[in-house]
Amino acid sequence: MDLKNTNWAELDFSYKNTPYRFHAHWKDGKWDEGRLVTENKLSIDESAPCLHYGQQCFEGMKAQRSKDGRIWLFRPIENAKRFQQSARRLMMPEVPIELFMKGVKEAVKANADYVPPYGYGASLYIRPLLIGIGENLGVRPAPEYLFIVFVCPVGPYFKQGFKPISLKVETEYDRAAPNGIGNVKAGGNYSASLWPLKIAREEGFDEVVYLDPKEHKYFEETGASNVFFVFEGNVIATPKSNSILNSITRGTIVQVAREEFGYTVEERRIHVDEMSKFVEAGACGTAAVITPIGSMGYKGKIYKFYADGKEAGPVTRKLYDYITALQVGDVEDKWGWLEEVT
C-alpha cells in the first residue's frame with residue numbers, strides 16, 4: 001500500500017497488505033511469546049484441521065486516531081474474552097488475555113503509519129485469528145495452533161456509508177443450528193451465509209437477516225452483524241437467542257441507550273409479525289458500527305421504516321453519532337472502554 005498516494009476518504013473495506021503481523025505458536029500444551037513477522041503468506045500442513053474440520057475462529061476490531069493523533073482501541077478486553085469463548089467451544093487452546101492484547105498492540109504499533117488520520121471516517125481494521133495446524137487426518141483437535149493478528153486500513157463496510165440498506169428476511173436457509181456454534185465467531189457461520197446472501201443480492205437486497213433455526217418465527221441476526229429495532233416511545237428491542245453472536249457493538253448500544261439516553265431497551269425474542277410496528281431498524285457490528293435498515297422484504301412484501309426507508313431515523317442516528325464519537329475520544333469515556341496504544 002502506497003501511503004504517499006492514499007486518499008483516506010476513499011478507502012474501501014478490503015484487504016491491504018501492511019508490513020507487519022503478529023504470530024504466536026501453541027505446541028505441547030503451551031504458547032510461545034509470539035513475535036512480529038513480515039511475511040503475509042502461511043505455510044501449513046495439507047492435513048491441518050483448520051482446512052478440513054473448520055477448527056478456526058477469529059475476531060474483528062478497530063484502531064482509530066483521536067484529534068490529537070493518539071491511537072485508541074475500543075473495548076479490546078471484550079474481544080479477548082469472546083475469542084476465548086470461541087476457542088473453548090471449538091476445542092482449541094485459549095489465547096491468554098495478556099497474549100491477545102500483546103499481539104493486537106504490537107501489530108497496531110508496528111503498522112502505526114497505516115492508522116488513518118482523524119476525521120476521515122476510516123480506521124485500521126484488526127483481525128485476530130486462531131487456526132488448528134499440524135499433521136492430522138481423523139476428526140480430532142489439532143496438535144498445534146497458530147494465533148495471528150494482522151491489520152489493514154479500511155473505509156466503511158457498506159459502500160454507501162451511513163445510509164439505509166435493505167434486508168431480505170430469510171425463510172429457506174439458516175445461519176446456524178439451534179444448539180450449534182452460532183454464538184461463537186467461527187468461520188463456518190460466515191461460509192453458511194454466503195449462498196443466501198448471493199440469492200438476496202440477485203433479488204435486489206443488500207443483506208440477509210435470519211430467523212431462528214427452530215421455529216423460523218423470531219429474528220436472529222444478519223450474516224455479518226446483529227440487529228436492533230426501534231418501536232414507538234424510543235423503545236429499543238434486540239434479539240435474544242443462544243444461536244447468535246454476543247456482539248460487543250450490540251452490548252455497547254444497549255448500555256449507551258439505557259444509561260446515556262434513558263431509552264427503554266428490551267433484550268428478548270422478537271417475532272417476525274412485529275415488523276409492522278418497527279419505527280426504525282439497524283444492523284450493528286465492529287465493521288460498520290451501526291447501519292440503518294431502511295426496509296425488509298418478507299414473503300413477497302416490503303416493510304419500510306423511517307422516512308419510507310430513505311433516511312436514518314433519529315434514534316439510530318443519535319446512537320451512531322455518540323458511539324463513533326466515543327470511539328475516537330470526542331466524548332467523555334464514562335465506562336473506561338478506550339485503551340490507548342502507546
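Q: A cavity is a set of points on a 1 Å grid where a 1.4 Å probe fits but cannot get out. How many cavities of 30 Å³ or more does that rule give here?
A: It gives 4 cavities of 30 Å³ or more. Keep in mind that this is a predicted model.

Q: How much space is in the largest cavity?
A: About 160 Å³.

Q: Which residues sit nearest the centre of that cavity?
A: Lys62, Phe74, Thr249, Thr286 and Gln327 lie nearest the centre, out of 14 residues that line the largest cavity. As for the elements, β5, α2 (76-89) and α6 each supply at least two lining residues.

Q: OK, and the largest pocket: how much space does that have?
A: About 890 Å³ lies in the largest pocket. Its lining comes to 38 residues, with Phe13, Tyr157, Tyr190, Ala224 and Ala287 nearest the centre.

Q: Which elements each supply at least two residues of the pocket lining?
A: β7 (123-133), α5 (194-202), β11 (219-222), α6 and β15 each do. Note that α6 supplies at least two residues to the lining of the largest cavity and at least two to that of the largest pocket.

Q: Which residues of α6 are buried?
A: Ile248, Thr249, Arg250, Thr252, Ile253, Val254, Val256 and Ala257. Thr249 is also one of the residues nearest the centre of the largest cavity.

Q: What happens at the start of α6?
A: A side-chain oxygen of Ser247 reaches to within 3.3 Å of the backbone nitrogen of Thr249.

Q: How does α3 do on the span check?
A: It agrees as well: α3 has 14 residues (97-110), which should span 20 Å, and the end C-alpha atoms are 20 Å apart. The buried residues in α3 are Leu99, Phe100, Met101, Gly103, Val104, Ala107 and Val108.

Q: Switching to rings. How many aromatic pairs are there?
A: The count comes to 22 aromatic pairs. Take Tyr157 and Phe158: the ring centres are 5.2 Å apart and the planes are at 90°, which is over the 60 degree cut-off, so the pair is edge-to-face.

Q: What about Phe278 and Phe305, how do their rings pair?
A: The centres are 5.8 Å apart and the planes are at 50°, so that pair is tilted. Phe278 lies in the loop between β14 (264-268) and β15 (280-285), and Phe305 in the loop between β17 (301-304) and α7 (314-327), so the pair ties together parts that are 27 residues apart in sequence. Both Phe278 and Phe305 are buried.

Q: Which residues do ring pairs link into a cluster?
A: Phe74, Phe261, Tyr263, Tyr322, Trp335 and Trp337.

Q: Which side chains does Asp68 contact?
A: Its side chain has a polar contact of 2.5 Å with that of Ser66 and one of 3.0 Å with that of Arg70.

Q: And where does Ser225 sit?
A: Ser225 is in the loop between β11 and β12 (226-231). It counts as buried at 13% relative accessibility, and its side chain makes a polar contact of 2.8 Å with the side chain of Thr222.

Q: Last one: where is Asp2 found?
A: Asp2 is in the segment before β1 (21-27), and at 40% relative accessibility Asp2 counts as partly exposed. Its C-alpha is 33 Å from that of Arg201, which is 199 residues away along the chain.

Conventions. Residues are numbered from 1 along each chain as its sequence is written. This is a predicted model: local features need pLDDT of at least 70, side-chain atom pairs count only at pLDDT 80 or more; totals for chains, interfaces and linings use all residues. Side-chain values use heavy atoms; hydrogens and water are left out. Buried means under 20% relative accessible area, exposed over 50%, partly exposed in between (1.4 Å probe, protein chains only). Helices (H or I, at least four residues) and strands (E, at least two) are DSSP runs, numbered from the N terminus. A polar contact is a pair of N or O atoms within 3.5 Å; within protein, one must be able to donate a hydrogen and the other to accept it, and residues adjacent in sequence count only if both atoms are side-chain atoms. Rings of Phe, Tyr and Trp (its six-membered ring) pair if their centres lie within 6.5 Å; planes under 30 degrees apart count as stacked, over 60 as edge-to-face and the rest as tilted. On a 1 Å grid over the protein atoms alone, a cavity is a set of points where a 1.4 Å probe fits but cannot get out, and a pocket is an open set with protein on both sides within 12 Å along at least five of seven lines; lining residues have an atom within 4 Å of a point. Grid points are joined across faces, edges and corners, and a volume is the space filled by probe spheres set on the points. The expected span of a helix is 1.5 Å times one less than its number of residues.
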